[in-house]
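Morning, everyone. Please look at the model on the screen, and I'll walk you through it.

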Amino acid sequence: MTAVAAAVRAELTKILTLRVTWIVTGGILALHLLIVVANLGRTGTAVADITPDGLIELFVGQPRPAHRAIVDFLVSSSFQMGLFLPGLAAVLAGQEFRARQLGWSVLAVPRRGVLVFAKTVAVAAYLLFVSLVIAGVSAAFMWAAVRGWDPGVVVSGDALLGQARFLTFAVLWALVGYALTLVARSTLIGIIASVALIAVTMTQVLALHLPALDALFPLSAGRNLLLNPDDSRLSAGPVHALVVLLLWPLLTVTAAGLLLHRRDAR
């Protein structure tokens, strides 16, 4: 167990000392800040115009109960940043192949199963940290928008549950990009594969014609887990979505581990 903990610490140190880690993370967080700042005025105006019967129009012509609409908007603002996390995970996984340091890692941790486990835990921990920052930024700006109406909405049970679901989705979904990069041994291929998975969901072709198949893709599962079925065309329920999100990283990381056993460490 001590060897495993040491391997995890070593992998975390490697992640935190890579300049590209902070460059990509900073880019994602800067984009998130730009979006929430741009939406702050419009959201604040919508909150100020909440009707006496508790309806809000976050989107023109779509009045909804204010509490539910604000919680959904909070979660969706975090969710949209989750699209970029597989790219970050691919960069974290791909640096070792780019620098041809995998052989040194195998020398340090000869048991390749332990090495893959340590890498996965370290990457998941860093992704969880970034996801927490994203969720915190979303909550802070939403609090700024609603503080004159009901600031407690951002820490309500519904909001906390929604943010917890986002964190679950964000880490599991990003680990898919990490695992695909390990399989391909290429950051670029890992990113391209992640973009292809995003495209499958965003085009909505499968959701319209083959919803059962659409529900098996990870980003679709994220939508099914996080978004309100009253506002979005969803292809499955949250339990099905959670199972799909768990299976994707489990199967892809297992495949990456098996391939690492069979290939040369280079």
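I'll cover salt bridges, then a pocket, then aromatic rings, then a surface patch. One caution before we start: this is a predicted model.

Salt bridges, then. The structure holds five of them. Start with Lys119 and Glu11. Their side chains meet in a salt bridge, at 3.2 Å from N to O. This pair links distant parts of the chain. Lys119 sits in helix α6, residues 112–146, while Glu11 sits in helix α1, residues 2–16. That puts the two partners 108 residues apart. Buried or exposed, Lys119 and Glu11? Both Lys119 and Glu11 are buried.

Now go to Asp72. Asp72 forms a salt bridge with Arg64, and the closest N and O atoms are 2.8 Å apart. Asp72 also meets Arg68 through their side chains, again in a salt bridge, with 2.8 Å from N to O. Arg68 and Asp72 are four residues apart in helix α3, so about one helical turn separates them. What about cover? Arg64 is buried, and so is Asp72. For Asp72 the relative accessible area is 14%, and buried means under 20%, so Asp72 qualifies. Arg68 has 34% relative accessibility, so Arg68 counts as partly exposed. Salt bridges with shared partners join Arg64, Arg68, Asp72 and Asp158.

Next, the pocket. Rolling a probe the size of a water molecule over the atoms shows where empty space is left. Here the largest pocket has a volume of about 310 Å³. Which residues lie nearest its centre? They are Phe59, Arg64, Asp72, Ser76 and Asp231, out of 14 lining residues.

On to the aromatic rings. A ring pair is described by the distance of the centres and the angle of the planes. The count here comes to five aromatic pairs. Take Phe79 and Phe169. Their ring centres are 5.2 Å apart and their planes stand at 50°, so the pair is tilted. Phe79 and Phe169 are both buried.

Phe169 and Trp173 are four residues apart in helix α7, so the separation is about one helical turn. Trp173 is buried, as is Phe169. Elsewhere in the list, ring pairs link Trp22, Tyr126 and Phe129 into a cluster.

Last, the surface. A nonpolar patch of about 490 Å² is made by Val239, Val243, Leu247, Leu250 and Leu251. Take Leu251 as one of these. Leu251 is placed in helix α12, residues 238–262. With a relative accessible area of 57%, Leu251 is exposed, because the cut-off for exposed is over 50%.

To recap, keep two residues in mind. Thanks, and over to the group.

Key. Residues are numbered from 1 along each chain as its sequence is written. This is a predicted model: local features need pLDDT of at least 70, side-chain atom pairs count only at pLDDT 80 or more; totals for chains, interfaces and linings use all residues. Side-chain values use heavy atoms; hydrogens and water are left out. Patches are made of residues with over 30% relative accessible area and no salt bridge: like charges are joined within 9 Å, nonpolar side chains (Val, Leu, Ile, Met, Phe, Trp, Tyr) within 5 Å. Accessible areas come from the Shrake-Rupley method with a 1.4 Å probe; for residues, only the protein chains shown count as cover. A salt bridge is a side-chain nitrogen of Lys or Arg within 4 Å of a carboxyl oxygen of Asp or Glu. Helices (H or I, at least four residues) and strands (E, at least two) are DSSP runs, numbered from the N terminus. Buried means under 20% relative accessible area, exposed over 50%, partly exposed in between (1.4 Å probe, protein chains only). Rings of Phe, Tyr and Trp (its six-membered ring) pair if their centres lie within 6.5 Å; planes under 30 degrees apart count as stacked, over 60 as edge-to-face and the rest as tilted. On a 1 Å grid over the protein atoms alone, a cavity is a set of points where a 1.4 Å probe fits but cannot get out, and a pocket is an open set with protein on both sides within 12 Å along at least five of seven lines; lining residues have an atom within 4 Å of a point. Grid points are joined across faces, edges and corners, and a volume is the space filled by probe spheres set on the points.
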